[in-house]
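Colleague: I am new to this structure and would like to learn how to read its features. Please give me the general idea each time, and then the case at hand.

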Amino acid sequence: MNLLFSYGTLQYEKVQLETFGRILQSEKEVLLGYKLDYIEIFDEEVLKKSGQQFHPILSPSGNPNDRVEGVLLTLTDEELAHADAYEVDSYKRIKTAFLSGKEGFIYIEK
């Protein structure tokens, strides 16, 4: 199983159902040293699922006191591939550690 930190639309039940076919297990988590910005989404499929034209995106802040709150989603390898397909080309996935000490993936600005 994989842990994926969601700070945006992957938290929405509608997006989860349409992307993964189920509601994912999740728990609250905090990511340090990052800030949120927003990007405009043009991908019609993503717009249809999320219903939002602007999506948040993480970028490293260089400040360990910066905090982003979200949830850790538990996904299979296949579901992680679906998450990769859902995210537009402005995002890239990397592995990192969270405030709890757990490790998992985040999508950051490419």
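Modeller: Start with Glu-27, which counts as partly exposed because its relative accessibility is 31%. Buried means under 20% relative accessible area, exposed means over 50%, and partly exposed is what lies in between, with a 1.4 Å probe and protein chains only. Note that this is a predicted model, in which local features need pLDDT of at least 70 and side-chain atom pairs count only at pLDDT 80 or more, while totals for chains, interfaces and linings use all residues. Residues are numbered from 1 along each chain as its sequence is written, and side-chain values use heavy atoms, with hydrogens and water left out.

Colleague: With which residue does Glu-27 form a salt bridge?

Modeller: The general idea comes before the case. Side chains of opposite charge can pair when their charged atoms come close. The rule used here asks for a side-chain nitrogen of Lys or Arg within 4 Å of a carboxyl oxygen of Asp or Glu. For Glu-27 the partner is Lys-102, and the closest N and O atoms of the two are 2.7 Å apart. Lys-102 sits in the loop between β6 (91–97) and β7 (103–109) and Glu-27 in strand β2, so this pair ties together parts 75 residues apart in sequence. Helices (H or I, at least four residues) and strands (E, at least two) are DSSP runs, numbered from the N terminus. Lys-102 is also partly exposed, since its relative accessible area is 34%.

Colleague: How many salt bridges does the rule give?

Modeller: The count comes to five. One of them joins Arg-22 to Glu-79, with 2.6 Å between the closest N and O atoms. Arg-22 lies in the loop between α1 and β2 (26–32) and Glu-79 in helix α3, so that distant parts of the chain, 57 residues apart, are linked.

Colleague: Is Glu-79 buried or exposed?

Modeller: Glu-79 is buried, because its relative accessible area is 8%. Another salt bridge is made by the side chains of Arg-93 and Asp-84, at 2.8 Å from N to O. Arg-93 is partly exposed with a relative accessible area of 33%, and Asp-84 is partly exposed at 30% relative accessibility.

Colleague: At what angle do helix α1 and helix α3 pack?

Modeller: An axis is a line fitted to C-alpha atoms, for helices over the stretch in contact, and an angle runs from 0 to 180 degrees between N-to-C directions. Helix α1 (residues 13–20) packs on helix α3 (residues 77–86) at about 115°, and the axes are 10 Å apart. That makes the two helices, α1 and α3, roughly perpendicular. Under 35 degrees would count as roughly parallel, over 145 as roughly antiparallel, 65 to 115 as roughly perpendicular, and the rest as oblique. The crossing of α1 past α3 is right-handed; that word is used if the near helix is turned clockwise from the far one by less than a right angle, and left-handed if anticlockwise.

Modeller: Helix α3 also holds His-82. His-82 is partly exposed, with a relative accessible area of 35%. The C-alpha atoms of His-82 and Phe-20 are 6.9 Å apart in space, although the two residues are 62 apart in sequence.

Colleague: Which residues form a nonpolar patch on the surface?

Modeller: A patch is made of residues with over 30% relative accessible area and no salt bridge; like charges are joined within 9 Å, and nonpolar side chains (Val, Leu, Ile, Met, Phe, Trp, Tyr) within 5 Å. The areas come from the Shrake-Rupley method with a 1.4 Å probe, and for residues only the protein chains shown count as cover. Here the nonpolar patch consists of Leu-36, Tyr-38 and Phe-54, which together have about 310 Å² of accessible area. Leu-36 has its place in strand β3 (residues 34–40), and counts as partly exposed at 33% relative accessibility. Phe-54 belongs to strand β4 (residues 54–60) and is partly exposed at 42%.

Colleague: Where does Ile-57 lie?

Modeller: Ile-57 lies in strand β4. At 0% relative accessibility, Ile-57 counts as buried.
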